[in-house]
Amino acid sequence: MSDCVFCKIIAGEIPSTQVYRDELVTAFRDIKPAAPIHVLIIPNQHFASVNDVTSEDEPLMGHLFTVAKQIAEQEGIAESGYRLIINTGPDGRQEVFHIHMHLLGGQR
Ligand code: AMP
């Protein structure tokens with residue numbers, strides 16, 4: 001998607017502080033952190049929101065969780081705990097329409 005800010009991050013057209021990348025997902029630090037650790041984990045494939053996910057995408061969406069767990073370990077917050085949030089649509093306060101999982105930790 002040419003006008004998607006997160007697609008541009010994946011393509012390296014917009015800078016980001018990347019913390020993880022593989023063939024399916026990319027993770028980078030949120031530009032306006034809401035917690036000491038605030039990482040966004042996104043599929044490399046564009047999905048506007050959870051509303052676009054189908055049963056065929058279950059392995060990819062499940063991968064977001066195992067990567068989140070891995071990053072939590074990497075960031076040293078696996079034991080202290082963290083929140084995983086996926087905002088969806090206007091009432092969900094979604095601002096960027098490329099699915100992203102917020103990983104928030106480092107404080108209660
Ligand atoms: P949401 O409300 O769930 O759509 O959250 C979008 C998140 O993306 C917000 O927390 C923003 O701070 C973050 N964000 C927007 N643009 C960038 C960017 N260029 N790099 C990193 N994070 C961003």
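This report describes the strand pairing and the ligand site of a predicted model.

## Basis of the model

Local features are given where pLDDT is at least 70 and side-chain atom pairs only at pLDDT 80 or more, whereas totals for chains, interfaces and linings use all residues. Residues are numbered from 1 along each chain as its sequence is written, and side-chain values use heavy atoms, with hydrogens and water left out.

Strand 5 (residues 101-105) is largely enclosed by the rest of the structure, because five of its five residues are buried. Buried denotes under 20% relative accessible area, exposed over 50% and partly exposed in between, with a 1.4 Å probe and protein chains only. Strands (E, at least two residues) and helices (H or I, at least four) are DSSP runs numbered from the N terminus. On one side of strand 5, M101, L103 and G105 are buried, and on the other H102 and L104 are buried, which leaves both faces covered.

Strand 5 runs antiparallel to strand 3 (residues 37-43), with five bridges joining them; two strands count as paired if DSSP finds at least two bridges between them. Strand 4 (residues 82-85) also pairs with strand 5 in the antiparallel sense, over four bridges. L103 is the bridge partner of V39 and also of L84.

Strand 1 (residues 18-21) forms a hairpin with strand 2, with three residues between them. Their antiparallel pairing spans three bridges, and Y20 has A27 as its bridge partner in strand 2.

## The ligand site

The ligand sits in the largest pocket. A pocket is an open set of points on a 1 Å grid over the protein atoms alone, with protein on both sides within 12 Å along at least five of seven lines; a molecule sits in it if more than half of its atoms lie within 2 Å of its grid points. Helix 1 (5-11) and strand 2 (25-29) are the elements that give two or more residues to the shell around the ligand.

Of the 15 residues around the ligand, D30, N87, E95, H100 and H102 come nearest, where a residue counts as near if one of its heavy atoms lies within 4 Å. Polar contacts are pairs of N or O atoms within 3.5 Å. An N or O atom in the side chain of D30 is 2.5 Å from a ligand oxygen atom, and a polar side-chain atom of H100 lies 2.7 Å from an oxygen atom of the ligand. A backbone N or O atom of I31 is 3.1 Å from a ligand nitrogen atom.

Technical notes
A polar contact is a pair of N or O atoms within 3.5 Å; within protein, one must be able to donate a hydrogen and the other to accept it, and residues adjacent in sequence count only if both atoms are side-chain atoms. On a 1 Å grid over the protein atoms alone, a cavity is a set of points where a 1.4 Å probe fits but cannot get out, and a pocket is an open set with protein on both sides within 12 Å along at least five of seven lines; lining residues have an atom within 4 Å of a point.
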